[in-house]
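User: Please examine the model below and answer my questions on its local geometry and contacts.

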Amino acid sequence: MRVYNFAAGPSTLPLEVLKKAQAEFLDFAGTGMSVTEISHRDKAYEAVVKEAEALTRELLNVPDDYAVIFVQGGASTQFAAIPLNLMHNGVADYIVTGNFAKKAWQEGQIYGVANKIGDSSDKTYTYIPDVDKLSYTEGADYVHITTNNTIFGSRYSKFPKCAAPLVADMSSEIFSREVNVADFGVIYAGAQKNLAPAGVTIVIAKRSLIENPLKICPTMLKWKVQDENGSLYNTPPAFSIYMANLVLNNLKAKGGVKAMREQNDYKAKLLYDFIDNSKLYKNNVVPEFRSVMNVPFVTGSEELDAKFVAEAKKAGLVSLKGHRIVGGMRASIYNAMPVEGVKALIEFMKKFEKENA
Ligand SMILES: *Cc1c(COP(=O)(O)O)cnc(C)c1O
């Protein structure tokens with residue numbers, strides 16, 4: 001039986017996509033081979049990478065002077081690739097709004113001066129600092145933000161307007177809401193939250209910014225090299241890109257990012273409204289900054305939290321345990337989580353509250 005999977009990543013994928021992948025697994029595009037067996041230089045496979053790039057451009061309205069590449073190593077490898085491609089003056093600004101934002105900042109310190117110009121750890125990352133009131137460093141090579149904080153369940157309601165290029169980790173929300181790509185220098189996202197299985201990371205970068213990576217930048221981390229080679233400089237994560245392409249086709253068929261955002265807003269509102277009106281459950285994030293993708297909540301009792309997670313699992317609602325550094329529960333309700341999944345969760349929460357009042 002298929003369950004409702006609320007995992008933060010790797011996470012649920014659209015059922016139609018899984019079925020399509022299953023149906024064509026033994027014979028990809030009439031080649032008589034699985035997509036996992038075919039050469040990445042085969043025309044049939046190259047077409048997949050090209051289509052995934054084209055769909056990304058179309059769905060996010062990516063300007064032509066931006067590169068769209070698919071690379072390996074997860075978002076975490078990009079924490080190093082960012083300074084290695086961009087840190088010409090040796091200084092960058094970081095806004096630390098969660099665990100991954102902190103890791104990106106720490107990685108930046110290896111390569112130069114990484115100024116922490118904003119930090120919401122004083123209130124356990126339950127808000128985003130006012131980006132209009134931060135002191136951006138003059139001459140900084142870039143400003144790094146994490147637009148959606150997967151673990152703490154917060155997100156930016158507006159983005160910094162700064163002189164330096166904005167570099168954004170959108171791992172846990174890419175394709176979930178409209179963004180104006182031209183407002184960013186670089187957008188990157190590990191695929192395993194909202195796009196595909198683990199193994200591929202998408203990078204969207206303004207070409208004029210990536211012309212001159214630092215001398216010490218490994219070839220594999222040079223965005224320019226990946227761009228010039230159409231993401232086929234070396235063997236790509238072929239299956240993950242193939243799956244990403246199926247998901248992007250599915251997203252387009254469902255009406256694109258706007259339609260998805262409307263559904264995401266609806267799902268999140270259902271869940272937050274229920275939590276805010278219940279006596280048992282609590283979400284501590286400042287409402288303006290609540291994530292539409294990751295919804296953490298607690299009962300106030302660790303024992304009850306554990307019972308909740310165990311009983312939910314028995315009811316077919318799985319992976320609801322919160323991240324180890326936050327505790328409690330977390331429902332990740334990415335694009336692929338159907339409205340029915342959120343409604344089933346709310347029904348379970350009602351029942352659990354009644355039984356444990
Ligand atoms: C999951 C996640 C990461 C880490 O991704 P990996 O692909 O495991 O390296 C980084 N940033 C954010 C916002 C994430 O949610």
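The questions and answers that follow concern helices, salt bridges, the ligand site and backbone geometry.

User: What kind of model is this, and which pLDDT do side-chain atom pairs need?

Analyst: This is a predicted model, in which local features need pLDDT of at least 70 and totals for chains, interfaces and linings use all residues, whereas side-chain atom pairs count only at pLDDT 80 or more. Residues are numbered from 1 along each chain as its sequence is written, and side-chain values use heavy atoms, with hydrogens and water left out. The pLDDT required for side-chain atom pairs is thus 80 or more.

User: Where in H3 does the kink lie?

Analyst: Helices (H or I, at least four residues) and strands (E, at least two) are DSSP runs numbered from the N terminus. Helix H3 covers residues 74–86 and reaches 19 Å from its first C-alpha to its last, close to the expected 18 Å (1.5 Å times one less than the number of residues). The bend at a residue is the angle between axes fitted to the seven residues ending there and the seven starting there. A kink of about 30° lies shortly before the proline Pro-83, at Ala-80.

User: How many of the 13 residues of H3 are buried?

Analyst: Buried means under 20% relative accessible area, exposed over 50%, and partly exposed in between (1.4 Å probe, protein chains only). The buried residues include Phe-79, Ala-80, Ile-82 and Pro-83. H3 is largely enclosed by the rest of the structure, because the number of its 13 residues that are buried is 10.

User: Which backbone oxygen does the side chain of Asn-194 reach?

Analyst: Asn-194 lies in the loop between strand E9 (186–190) and strand E10 (201–206), and at 7% relative accessibility it counts as buried. Leaving aside neighbours within four places in sequence, its contacts (heavy atoms within 4.5 Å) include Glu-173, Phe-175, Met-293 and Tyr-334. A polar contact is a pair of N or O atoms within 3.5 Å; within protein, one must be able to donate a hydrogen and the other to accept it, and residues adjacent in sequence count only if both atoms are side-chain atoms. At 2.9 Å, the side chain of Asn-194 reaches the backbone oxygen of Ile-174.

User: With which residue does Glu-53 form a salt bridge?

Analyst: Side chains of opposite charge can pair when their charged atoms come close. A salt bridge is a side-chain nitrogen of Lys or Arg within 4 Å of a carboxyl oxygen of Asp or Glu, and a search of the whole structure finds 20 of them. With the closest N and O atoms 3.0 Å apart, the partner of Glu-53 is Arg-57.

User: How many residues apart are Glu-58 and Lys-252?

Analyst: The closest N and O atoms of the salt bridge between Glu-58 and Lys-252 are 3.2 Å apart. This pair links distant parts of the chain, with Glu-58 in helix H2 and Lys-252 in helix H6 (residues 238–253), and the separation in residues is 194.

User: Which residues are joined with Asp-132 into one network of salt bridges?

Analyst: Asp-132 forms a salt bridge with Lys-158, the closest N and O atoms being 2.7 Å apart. Asp-132 lies in the loop between strands E4 and E5 and Lys-158 in the loop between strands E7 and E8, so the pair ties together parts that are 26 residues apart in sequence. Through salt bridges that share partners, Asp-132 is joined with Asp-130, Lys-133 and Lys-158.

User: How far is an oxygen atom of the ligand from an N or O atom in the side chain of Thr-150?

Analyst: The ligand is surrounded by 13 residues, Thr-150 being among the closest (a residue counts as near if one of its heavy atoms lies within 4 Å). A ligand oxygen is 2.9 Å from an N or O atom in the side chain of Gln-192, and a polar side-chain atom of Lys-193 lies 2.6 Å from an oxygen of the ligand. For the side chain of Thr-150, the corresponding distance is 2.4 Å.

User: What is the omega of the cis peptide bond from Gly-9 to Pro-10?

Analyst: Pro-10 is found in the loop between strand E1 (4–5) and helix H1 (15–23). The peptide bond from Gly-9 to Pro-10 is cis, with omega near -10°.
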